[in-house]
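Student: I have a structure open and would like to go through its packing. Could we take it step by step?
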Amino acid sequence: MDAAKAHILLVEDEPGIRTSLSLLLELEGYRLSTADNGDAGLAHMDAERPDLVITDYMMPGLDGLAMIRAMRAIPALADVPVLLMSGALPADLDPLEVADAFLQKPARIDRLVHTIQLLLRTHGSEADSRPRGDGV
């Protein structure tokens with residue numbers, strides 16, 4: 001998928017991180033929307049289906065994991081690829097059981113851009129070819 005045409009929804013509660021990632025993604029040519037929590041993210045997806053969702057895990061209200069699970073239960077959103085980013089996850093959670101890729105914060109810019117490109121390219125491919133990210 002052409003970056004200039006891809007629509008990314010960034011769900012991040014920290015304003016500084018949201019602003020930095022927004023600027024980076026716009027410079028990479030993506031069309032970007034933002035939300036500051038999972039509830040706002042779902043509301044946005046109800047209005048416009050993104051090509052990719054990047055979400056933080058820990059947020060007030062509906063957290064990233066709950067948002068992803070809610071997305072997967074909505075047929076129109078079930079196949080939207082999701083990149084989960086977090087500085088900390090519960091020890092018993094495998095983020096790749098919920099999301100299509102995971103990056104530990106802070107993520108290197110080149111790794112973030114590569115993971116986004118790979119997710120957009122492989123959207124709809126079998127799980128074995130999904131990018132695996134950093135792991136836990």
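Student: Leaving aside neighbours within four places in sequence, which residues is Met 71 in contact with?
Tutor: This is a predicted model. In it, Met 71 is in contact with Leu 42, Met 45, Val 53, Leu 77, Ala 78, Val 80 and Val 82, its neighbours within four places in sequence being left aside.

Student: Which residues have the most contacts inside the largest nonpolar core?
Tutor: They are Val 11, Met 45, Val 53, Met 67, Met 71 and Leu 84, in a core of 22 residues. Two or more residues each come from S1, helix H2 (38–47), helix H3 (64–72) and S4. H3 gives the largest share, four residues.

Student: What about a second core?
Tutor: A separate core of 18 residues includes Leu 10, Leu 25, Leu 112 and Leu 120.

Student: Back to Val 11: buried or exposed?
Tutor: Val 11 counts as buried because its relative accessibility is 0%. Val 11 is found in strand S1. Beyond four places in sequence, its contacts include Ala 35, Asn 37, Gly 38 and Met 67.

Student: How many residues apart in sequence are Val 11 and Gly 38?
Tutor: They are 27 residues apart in sequence, and their C-alpha atoms are 6.8 Å apart in space.

Student: Changing topic, what do the buried residues of H4 pack against?
Tutor: They pack against strands S1 (7–11), S3 (52–56), S4 (82–86) and S5 (101–104), and against helix H1 (15–27). Among these buried residues are Leu 112, Ile 116 and Leu 120.

Student: And what span should helix H4 have?
Tutor: At 1.5 Å a residue, its 14 residues (109–122) should span 20 Å, which agrees with end C-alpha atoms 20 Å apart.

Technical notes
Residues are numbered from 1 along each chain as its sequence is written. This is a predicted model: local features need pLDDT of at least 70, side-chain atom pairs count only at pLDDT 80 or more; totals for chains, interfaces and linings use all residues. Side-chain values use heavy atoms; hydrogens and water are left out. The expected span of a helix is 1.5 Å times one less than its number of residues. Buried means under 20% relative accessible area, exposed over 50%, partly exposed in between (1.4 Å probe, protein chains only). Contact means heavy atoms within 4.5 Å. A nonpolar core is a set of buried Ala, Val, Leu, Ile, Met, Phe, Trp, Tyr and Cys residues joined through side-chain atoms within 4.5 Å.
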